[in-house]
Amino acid sequence: MMKKSISASKASLVLFLCQMISALDVPLDSKLLEELSQPPTITQQSPKDYIVDPRENIVIQCEAKGKPPPSFSWTRNGTHFDIDKDAQVTMKPNSGTLVINIMNGGKAEAYEGVYQCTARNERGAAISNNIVIRPSRSPLWTKEKLEPNQVREGDSLVLHCRPPVGLPPPIIFWMDNAFQRLPQSERVSQGLNGDLYFSNVQPEDTREDYICYARFNHTQTIQQKQPISVKVFSMDSLNDTIAANLSDTDIYGAKPVTERQPILLTPTGSTSTKVELRGNVLLLECIAAGLPTPVIRWIKEGGELPANRTFFENFKKTLKIIDVSEADSGNYKCIARNILGSAHHVISVTVKAAPYWITAPRNLVLSPGEDGTLICRANGNPKPNISWLANGVPIAIAPEDPSRKVDGDTIIFSHVQERSSAVYQCNASNEYGYLLANAFVNVLAEPPRILTPANKLYQVIADSPALLDCAYFGSPKPEIEWFKGVKGSILRGDEYVFHDNGTLEIPVAQKDSTGTYTCVARNELGKIQNEVRLEVKDPTMIIKQPEYKVIQRYGQVSFECIIKHDFTLLPTVIWLKDNDELPDDERFLVGKDNLTIMNVTDKDDGTYTCIVNTTLDSVSASAVLTVVARPNPPFDLELTGQLERSVELSWIPGDENNSPITNFVIEYEDGLHEPGVWHYQTEVPGTQTTVQLKLSPYVNYSFRVIAVNEIGRSQPSEPSEQYLTKSANPDENPSNVQGIGSEPDNLVITWESLKGFQSNGPGLQYKVSWRQKDVDDEWTSVIVANVSKYIVSGTPTFVPYEIKVQALNDLGYAPEPSEVIGHSGEDLPMVAPGNVQVHVINSTLAKVHWDPVPLKTVRGHLQGYKVYYWKVQSLSRRSRRHVEKKILTFRGNKTFGMLPGLEPFSSYKLNVRVVNGKGEGPASPDKVFKTPEGVPSSPSFLKITNPTLDSLTLEWGSPTHPNGVLTSYILKFQPINNTHELGPLVEIRIPANESSLILKNLNYSTRYKFYFNAQTSVGSGSQITEEAVTIMDEAMASRQVDIATQGWFIGLMCAVALLILILLIVCFIRRNKGGKYPVKEKEDAHADPEIQPMKEDDGTFGEYSDAEDHKPLKKGSRTPSDRTVKKEDSDDSLVDYGEGVNGQFNEDGSFIGQYSGKKEKEPAEGNESSEAPSPVNAMNSFV
């Protein structure tokens, strides 16, 4: 019982705190609420007009809260209702709610009346509204005899329902015997009174089961009226019926169905009135008869129907205005109209108002000696009367209170004392109802209390407001002061905000705001203080936000969300899509600081938001994902404006899939000539959806459209309808007409045939015409089928012809074609070039001259001249070798050319031939020429053996290509000290017939570098180098000899030699596959200005080819790794001249590549370093 009382006190105080206007604010603190006294407050009560089900117990609610818990009492019909004397009536424990037991023998009618509840405690009494109890009623329909309704077609009819009077009124509806609702329309509809109105009856309205039903919702019962019969007579059947019973005069009185202008069935007359209460729903009704069925229209005279509150129901026969106010008063006119006229009715509406609150009185909580007011203001139409009660008793007869003064709708309190506590009732009433409000005055005297828990911790984010609570209560109202720290000074200044409820606000908290704050509350009855703590945290930030992404369908995309937060706070990261949870899909992968979406689909398009939450703050960042794809194909292709040579094509674009369409490609199919093959027609910008297409005759067109965006092309649209254009003469002739003989006595005329759609009609053929040029011959013509070649036989050899080819079909010829020049077939040239001369420029280059052949003897297109040349023998060795003929071709009518890449000191032969399209002519007589001596190649090898204390033995091989008669060898050498500095250079000339040399008087244990080359009368060839070391003493030499004779060393050297041999073979094979050889640098100076390059584009070229097996010349071999230096091959290599080769020539045919053996420059004395000495250098080298 005690716990329930405490709970009641809490809830009541919550309610009055929400309504209170006073000098005191009472915080909603449970402990405080348990201790403070409070007058009663009604918290729950039954409605003023309470209709009850007579079959169930009657429950009249009355709940109230207060401290101490209130007691309850009731009045019935203005007198005390003693519930103890009625066994059927009980009151719920700790409540004022009455329960009247009807189900155990009681009758609801016996308890009809007006009830009022009073809740009372030591601080006052609150009362409820007057609750009118009435049991619901659902009486049976009165029995009546219903006559059948016989109605003439086109007349109006009203079927009356007249339901029994119930409480509350029943809901009316019409159905048939099968419990199906009767269909309603503009012609047939139910009125607000439940009657069924027919504006005009039709034969289909005939039936015997028009049944009116009344549903009483309160008792869940439905009452049924007796079925009503309606029989509609057409004029023909009506006359037949009447003829059997009435006179002729009466028969002829039956008139046929005629149209009638509207008349109002309801309301009757021209005007009526309607009163409605403010806030209710206004329903106005007009139902009219007439044929054709009238249409209803509503207007408000002198104004407009209220917008957003006006509705039309029942086929506009009912005007509904919700939440009416006094401004809705006025005259409303309904107008019924058909083609024959109109009828109208004016309803004068007056809006009255039951009392409604302007200012309802609110509870007061005051301290002793304070002042206050209760205000009760209401309005209505007519204006309500205001009366006051104190603790349920009219204030005029209530006990006097010197602090209270009543002034109309206001009670003024001055210098109240605790005995002034009471509950006051304000009653505002007029003829349409009343309002009753309870408001208490509670006078309290309490010392200060701080309700905020001690040492409460507040945590905020830096740069945000900090609100430190100091919830307090006291009466009189205490004063509040704040201090920082236990012994700090009082807080003042603009950096703080002090709220009336005691809260201290730091508008912008900083890290140094962290600390302990003390709140002090004091009034005249006492003083109290409390400490709270504030911690200021670093804000949470998203340092790497998700970014806008565009991704193709089925791709993968990631959004980053990297955060920074206070280390004492634990963040949680949530991802949203379009402000909702992510789809439950395994394609969405949420990582520590990212979101990855695999296999993206169109549904993934949207806004993705990363939300980071801590206990103190929340930040978010969003990015949009746009999923792009190829556009969907266009659709609804339509052909319009069909003409012989044009048509307009239009289409509707498909979805662009987030990537704008840049253009549309239009393709066509020729179903007549190439069914199933689609050709490009044209394309238009992506903003265009129609195009005018040019057409060709005799084509069965179908079109399709392809949309293109940055991602790619859409699938083609469905083909358009087919459109067959009419036939016509060909518009064009064959292209690429040529005349070239394949034999010396024919002319082959070829052309590119017209495509199917170019034929412009059936029966495509070609007229081929030719005649010899510069001869007064007539044209010779033939007509051939749809082919692309015609051969003219018996022509002279290589003569020009004028040729033309014209297209024609069954409708006629194409325009006159243009003429082209062709030639009959070529034959081999008849004569060889004469007066062939050779001028040797240097040891590797010669220039050849010849006289051109007469053009008539060429018997074809002159393509150029070929020079065949080959080496007969080397003059130095007198040895012959396999003859490899080389060919150089010179385009056009050339009479000279350069022969590069010759070998020095050799004998050559050459001849010249003219070339046409058929082939080569006869060769000129062979011409012999010789090349002068040149410098030799390097010696084939240089070996240094038998090192002693003061001597070294040198052995060498003669040059592979002496290029002349050797005159001597030149040996140069110089010592190298330990710091790699070179000593003085010594030169020795050696006779050409020598192959070895012993150098004596050398320094012991010294490294020497040797430079060795051969000479001819022309000069020195390229040199080879080698290094060797003299030994320190004889023992060293002995040891070296011992090592050299060891089996393991011999085996190692054999392996090395084998490896070198393999490498040499590989190099040789690779070189035989084709190599390029540089020309000696010094020969660049002898370039002949007559040498001319031959190029494809200008008809000149220089070619080099091997007349035998076309093998390239060998390159020089590389220096072996065993330090035996072979001479580098210095043969003048011939870089291929002519078509398809890498050789280059000046315009005069001179070769501008380079021939050069690799020639080491002689080092300046003391400027060359060498490798560290190795005992292997003293060993014999393997070749």
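Glu903 is buried, with a relative accessible area of 11%; buried means under 20% relative accessible area, exposed over 50% and partly exposed in between, computed with a 1.4 Å probe on protein chains only. The model is a predicted one, in which local features need pLDDT of at least 70 and side-chain atom pairs count only at pLDDT 80 or more, while totals for chains, interfaces and linings use all residues. Residues are numbered from 1 along each chain as its sequence is written, and side-chain values use heavy atoms, with hydrogens and water left out.

Glu903 forms a salt bridge with Lys871, and the closest N and O atoms of the pair are 2.2 Å apart. A salt bridge is a side-chain nitrogen of Lys or Arg within 4 Å of a carboxyl oxygen of Asp or Glu. The pair links distant parts of the chain, 32 residues apart: Lys871 belongs to strand β74 (residues 864-874), and Glu903 to the loop between β76 (896-899) and β77 (906-915). Helices (H or I, at least four residues) and strands (E, at least two) are DSSP runs, numbered from the N terminus. Lys871 is also buried, at 13% relative accessibility.

Across the whole structure, a search finds 38 salt bridges. One of them joins Asp205 and Arg187, with 2.5 Å between the closest N and O atoms. Asp205 lies in the loop between β16 (196-198) and β17 (207-216) and Arg187 in the loop between β14 (171-175) and β15 (188-190), so this pair ties together parts that are 18 residues apart in sequence. Both Asp205 and Arg187 are buried. In the salt bridge between Glu313 and Lys320, the closest N and O atoms are 3.3 Å apart. Here Glu313 is partly exposed at 34% relative accessibility, and Lys320 is partly exposed at 24%. A network of salt bridges links Arg152, Asp155 and Arg260.

Asn523 is found in strand β45 (residues 515-523) and is buried, at 15% relative accessibility. A polar atom of the Asn523 side chain lies 3.2 Å from the backbone oxygen of Glu446, and one lies 2.8 Å from the backbone nitrogen of Leu525. Beyond four places in sequence, the contacts (heavy atoms within 4.5 Å) of Asn523 include Pro447, Gly474 and Lys477.

The chain has a mean pLDDT (the predictor's confidence in each residue, from 0 to 100) of 84, and 84% of its residues reach 70 or more. Over residues 1-23, pLDDT stays under 50, as it does over residues 247-254. Where pLDDT is low, the predicted coordinates should not be read in detail.

Notes. A polar contact is a pair of N or O atoms within 3.5 Å; within protein, one must be able to donate a hydrogen and the other to accept it, and residues adjacent in sequence count only if both atoms are side-chain atoms.
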